[in-house]
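Trainee: Please take me through this model and the terms used to describe it.

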Amino acid sequence: MAPTDPSELARAQEACAREPVHIPGAVQPSGCLVSLDQRLRRLLQASANLHRFFGVTPEQALASDPKALLGRHLLRRISASLPQAPLQPVSLVAGMRLRGRNRRFRTTAYRSGERVVLEFEALSGPDTQTLFPAMGDWLSHLAGARTAGALLETLVAAARDLTGHERAMVYQFDPDWHGCVVAESRCEHMDSYLSHHFPASDIPPQVRQLYDVNPVRSIPDAPAAPVPLVPTEDPLDQHPLDLSAGVLRAVSPIHQAYLHNMGVKSALSVAIRDDAEGLWGLLACHGQEARSLPPTLRDAVLALVQVAQSRLMLLNAQRNARYQRRVRACRARLVLERRPRATRLSELVADHGADWLTLFRACGIALAYRGQYHTFGTAPPDRTLAALVQGLVRLAPRDASWSWHSPDDWPVAAELPRGRCCGLLAAPVLVDSEQPAFLLFFRAENVQTRLWAGRPEALWGAEKVAAPLTPRHSFAAWREEVRGHSAPWRDIEREAVLDLADEVAVLLSRKEIDLLNAQLTEANRRLKRQATTDSLTGVWNRYRMQEQIELERGAHERYGTPCSLLLFDIDHFKAVNDQYGHEAGDQVLVALARAVVGELRATDFLGRWGGEEFIVLATNSAPEEAWTLAERLRQCIAGLRFPGVGPVTISVGVASLSRGDTVDRLIDRADRAMYRAKQRGRNRVEQAE
Ligand SMILES: Nc1nc2c(ncn2[C@@H]2O[C@H](COP(=O)(O)OP(=O)(O)OP(=O)(O)O)[C@@H](O)[C@H]2O)c(=O)[nH]1
């Protein structure tokens, strides 16, 4: 029975993840191994197959001086070139004379704990005269690949060509460490794994970590029995020997069974790395027969992968640069096309929504600002958006974007309409710390049919969990419908949304500032009007009138422009107030001012000088013209009937500017003329002397 109980399955997976693959206590038979103390003075362990390579048994070797087995010269070279850091291998070619024959070995040396480990592989293999030209061709093909797809196709073809394996494939890891086969080259008679997914448990974490230490894993003969170390444990400290950095590490039983179930007898895997992200994927070559893989060939495949991975990163960087250009263009359009004063958020989202949807491969947008939700495309209803924003305020960082590609990952998303808005990318719009705003992008559900290379739940085949290290048997394709996920958000999209949100924040701030400015301008206008206008009659106040008289005096001084001033006062106004009340008196003042304004030219100005006293500033008016105007005004007022009060008269004093005049002197002359008019019976005009 396969373990269908999730907890059993988890236990089994955990046990597999703990398998100590780095300390197998054995090597593959394709080479031999010895371990020495740090000073290379004593041999401590040797692989049981030592005799096949060096013509001495492990027991004989361990009982003798290392110099006798390895030679003084090699030991000196190892001592000189070995890095101090642990698990950093160095490769040397060692020539030795054994049983009267010259033998050449690839020696891989590294420090492992307190020990120095030396691994030996016989140097034979491809004629470099054929290998190098083939390599040259493949390298130039790789360097010329224009797309990631073409590059990986070339890599698998090159790997198969050089190694002779029946299948070469590249798997790319997804964020959950499941591997998806993205490129494959195979013999016709082999089933294709292209687009198949291999569950993450096929390459457990401790195996993935080994690729950080050593990017190449070569298994020339998977079914071959491992060769134990003699003695099994270190004789001095009883520690198992960590073989992570070497090339001969024995294949773990679970991996042997796995390869067997897959019909693979020889394998070569090379890590494909991303500078920023670490392990990106693997190149995996599989052979149906055991196949010796000479070190030179292994090096050649590693070189191909290294060139391919650099090219892959370059192509990715170019793709990212193209995306960033699109983001910049989008931001520029936002800035250029938006006249800040006309910015309404609903318009903003409507105008740019289509652009943004394409940029983020999204189905909907919402701009959440001050409790309002401006949406475009397929976005959730306001109620859901409000809950979402509340959750974001509590949980999301204020200086980074926030995303998920499945609502199951986040409880706040529980209300999201599945299917339609499955993925969310949210960025804070930093305008107002009191009222958080967000720019939200939604992605629709991406229903995928995944082809698994074997059903992932049945990882452990037909075995009981009591034997959890047994690998799965099934590599037959199994279809899984993956629901409840959107396409994942790329890192560059997560960054781009922050840039866009910044631009929106600038626009919103500008809008806020414009609003404040408009309010400020209006307030200023009101203040200015209050500062220059008489609040009762609406005509100029004394301050404004004084200012204007001063201006006219200046013009008169400079150009000799004539200017006259009419100062008038309502006759017996006290009696009006007393008889009809102050309120009625006010209405007389208002009506009188309106009547006077109606009689004036556009170049004449009326101002209230104080109480029931007014001034008319008659610009461009010589004394006679001013007199005429004054008389007309007097008659006009005298002819009026003020509601509830009846007729009212005014007494007017007229004075004209003369050279060297001051404002005070001019007004004083007008005042005295008006006083004379009062004295001479009121309701009359007097000209100043
Ligand atoms: N209703 C009202 N009355 C005002 C206002 N400003 C001044 N007055 C009144 O105007 C009157 C002016 O009175 P007086 O200076 O004695 O002069 P008068 O009664 O007009 O007499 P003559 O100027 O000599 O013709 C006072 O009763 C003031 O209270 C105002 O804004 N509204």
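**Sheet, helix and ligand shell**

Mentor: Helix H18 (residues 663-679) lies across S21, strand S24 (650-656) and S25, and H18 runs at about 145° to S24. Axes here are lines fitted to C-alpha atoms, for helices over the stretch in contact (C-beta atoms, placed from the backbone, within 7 Å), with angles from 0 to 180 degrees between N-to-C directions. The model is predicted: local features need pLDDT of at least 70, side-chain atom pairs count only at pLDDT 80 or more, and totals for chains, interfaces and linings use all residues. Residues are numbered from 1 along each chain as its sequence is written.

Trainee: What makes S21 and S23 paired strands?

Mentor: Strands are DSSP runs (E, at least two residues; helices are H or I, at least four), numbered from the N terminus. Two strands pair if DSSP finds at least two bridges between them; S21 (residues 563-570) and S23 (residues 613-619) have seven, in the antiparallel sense, so they pair. Leu565 stands opposite Leu617 in S23.

Trainee: Why are S22 and S25 called edge strands?

Mentor: The open sheet of five strands has the order S22-S23-S21-S24-S25, with mixed pairing. Strand S22 (604-610) and strand S25 (685-687) each pair on one side only.

Trainee: Which residues come nearest to the ligand?

Mentor: Of the 16 residues around the ligand, these are Asp571, Phe573, Lys574, Gly585 and Gly611; a residue counts as near if its C-beta atom, placed from the backbone, lies within 6 Å. H16 gives the largest share of the shell, four residues.

Definitions and conventions:
Contact = placed C-beta atoms within 7 Å.
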